[in-house]
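Please consult the sequence and structure shown here alongside the text.

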Amino acid sequence: MADVRLPGTLSPLFPGLPRRLEIEAATVLGAIDEIERQWPGLRDRLVAEGPTLRPHIHTYVDGERSALDAPLAAGSRLDVIAAISGG
Amino acid sequence: MPKTLLTVATRKGAFLFESEDRKTWTMSEPLCEGWPIYHAIYDAKSDSIYAAAASEWHGSGIFRSRDRGATWEMSSEGLSYPDDDGRKVNKVSTLARAGDRLLVGVEAPGIFESKDNGETFSLLSTLSGQHGSEMWDDPANQAPGHLGISGFVTDPDDSDNFFTIVQGVGAFETTDGASSWTPRNNGLRRDWPPPENYDDVGFCVHKLVRSSDPQRMYQQNHVGVHRSDDAGQSWTEITEGLPGDFGFAAAVHPHDTETFYVIPVDGGHGRTMHEGKATVYRTRDAGSSWQPLRNGLPQVDAHLGVLRQGMAIDKHDTPGLYFGTSTGQVFVSADEGDSWTEIASYLPSISSVDVAIVD
């Protein structure tokens, strides 16, 4: 199981969505797809056509910036970060 | 008693204004979670409000409210190009109702439709094969801010007939529900060379409107204001009498095909109203002459901009006119533009203003 942390900007769109989830998945995209099954529509908020991460969304596996195909190990921590932008 | 409902889209959410007399207005809280909203409309067919949203973080989607703004849901299911297409939906720009379809115009240029009132979407047309489409279909030309679908004009009596605008390319009409398209730019001015090999595209149509007589249309273009008396098949320039040829917003009187409104702005980088005087221009004779409307509008240091979807007109017997500015003011006229009142002063930058009469 990976320890997944989600950005607070998602919460208003998905009432009840926790900021932290335990997810069984082999890759970053697999984790996002698994969350999508529980919270339909969430994948599209993080992933664009391609599939690619949306430009202002970054993912980190155990502190290392990672792509969608990065592997997750048991006990990995996956941080999904909304970039500092806007004004 | 019927109410007049204003739906205002801003860079920081949507706002609703309601009035029974068009004098006293109540304003909502910020809606749509503060997302950037590019166009928001009230749709009478589904008694719903739709807001086209695009966030730098979380992409594009359509917010919908079926209870006049009390609660909202968002969907983007199906609102994307295929993974192997190369194009991306960078922004949802414009919305319209056409029969059982909710039309959604996006950037890169494409038209999506929803037949279940905004729950799911599917790609309707990319105007593939139209002159110039090889340019706008090239993913290399997809920098944000370029070449989206920027407007629709629908026919209340024929859901398969509508116009759309490809930004920087021109207007196109379909009469078969978007299966085929015809450029409708004949007679428009173009102060730059045409695209190689094509003479019927390469125009910059900012705003297109159709009067109660479908033969009579108007448009505000990058270069000039133009009128059509043959349902868009040809255009005649009617700019003379205006302070400039550039502008975005335009509205046509719902009961009088000769009466039409524009808001000229400086065509340079500023794109604000001329001489710092907020002014709407009205023609009562289909563009033969123009009258400046300033009563109640700020006339000193008023460097206001209004975008293409930023002005609306209602369908009361004496129509009311409304516009929102890029600096967050909303101005209202209940007498066809003769006098104006400012009903909001401090909103975020306004993208669109829509008006409807509701129960």
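## Strand pairing in chain A

In this predicted model, A:D3 has A:E22 of β2(A) as its bridge partner. The strands concerned are β1(A) and β2(A), the latter covering residues 20-23, and they pair in the antiparallel sense over four bridges. β1(A) also pairs with strand β7 of chain A (residues 77-82), here in the parallel sense and over three bridges. Within β7(A), the residue opposite A:V4 is A:L78.

Strand β1 of chain A, residues 2-5, has two faces: A:A2 and A:V4 form the covered one, whereas A:D3 and A:R5 form the uncovered one. In a regular strand, side chains alternate between the two faces of the sheet.

## Overall form of chain A

Chain A contains two helices and seven strands. Read from the N terminus, its elements follow the order β-β-α-α-β-β-β-β-β. The radius of gyration of chain A is 12 Å, close to the 12 Å that the globule rule gives for 87 residues, so chain A is as compact as a globular protein of that length.

The C-alpha trace of chain A spans about 35 × 25 × 25 Å along its principal axes. Of its 87 residues, 25% count as buried. Among the contacts in chain A between residues at least 6 apart in sequence, 44% join residues at least 24 apart.

## Overall form of chain B

Chain B comprises one helix and 28 strands. For its 359 residues the globule rule gives 21 Å, and the radius of gyration of chain B, 19 Å, is close to this, so chain B is as compact as a globular protein of that length. Along the principal axes, the C-alpha trace of chain B spans about 55 × 45 × 40 Å.

In chain B, 52% of the 359 residues count as buried. Of the contacts in chain B with a separation of 6 or more, 49% are between residues 24 or more positions apart.

## The two domains of chain B

Chain B is divided into domain 1, residues 31-202, and domain 2, residues 204-351. The centres of these domains, taken over C-alpha atoms, are separated by 22 Å. Contact between them involves 20 residues of domain 1 and 20 residues of domain 2.

On the domain 1 side of this contact, the elements that give two or more residues are β4 (37-43), β12 (149-155), β13 (158-166) and β14 (170-174) of chain B. The largest share, four residues, comes from β12(B). By residue class, the domain 1 side divides into seven nonpolar, eight polar and five charged residues.

In soluble globular proteins, nonpolar side chains tend to be buried together. The largest nonpolar core in the model has 101 residues, and those with the most contacts inside it are B:V8, B:I37, B:A51, B:V104, B:M311, B:Y322 and B:V353. Strand β5 of chain B (residues 48-55) gives the most to this core, with six residues. Both domain 1 (31-202) and domain 2 (204-351) of chain B give residues to this core, so it lies between them.

Not counting residues up to four places away in sequence, B:A51 touches B:A9, B:A14, B:C32, B:I37, B:A40, B:I62 and B:F63. Apart from the core of 101 residues lies another core, of 18 residues, among them A:I35, A:I57, A:L78 and A:A82.

B:A14 belongs to strand β2 of chain B, residues 13-19. B:A14 has 30 other C-beta atoms within 10 Å, and a residue counts as buried at 20 or more, so B:A14 is buried. Residues up to four places away in sequence aside, B:A14 touches B:T7, B:V8, B:A9, B:L31, B:C32, B:I37, B:A40 and B:A51.

B:H255 lies elsewhere in the chain: 241 residues separate it from B:A14 in sequence, and 29 Å in space, C-alpha to C-alpha.

## Contact between the chains

How many residues of each chain take part in the contact between chain A and chain B? The contact joins 14 residues of chain B to 16 residues of chain A. On the chain B side, the residues divide into three nonpolar, five polar and six charged.

Key
Residues numbered from 1 in each chain as written. Chains lettered and ligands numbered in written order. Predicted model: local features only at pLDDT ≥ 70, side-chain atom pairs only at ≥ 80, totals over all residues. Domains from an automatic or database assignment. Contact = placed C-beta atoms within 7 Å. Nonpolar A, V, L, I, M, F, W, Y, C, P; charged D, E, K, R; others polar. Core = buried A, V, L, I, M, F, W, Y, C linked by C-beta atoms within 7 Å. Buried ≥ 20, exposed ≤ 12 C-beta atoms within 10 Å, placed from the backbone. Rg over C-alpha atoms; globule rule 2.2 N^0.38 Å. Pairing = 2+ DSSP bridges.
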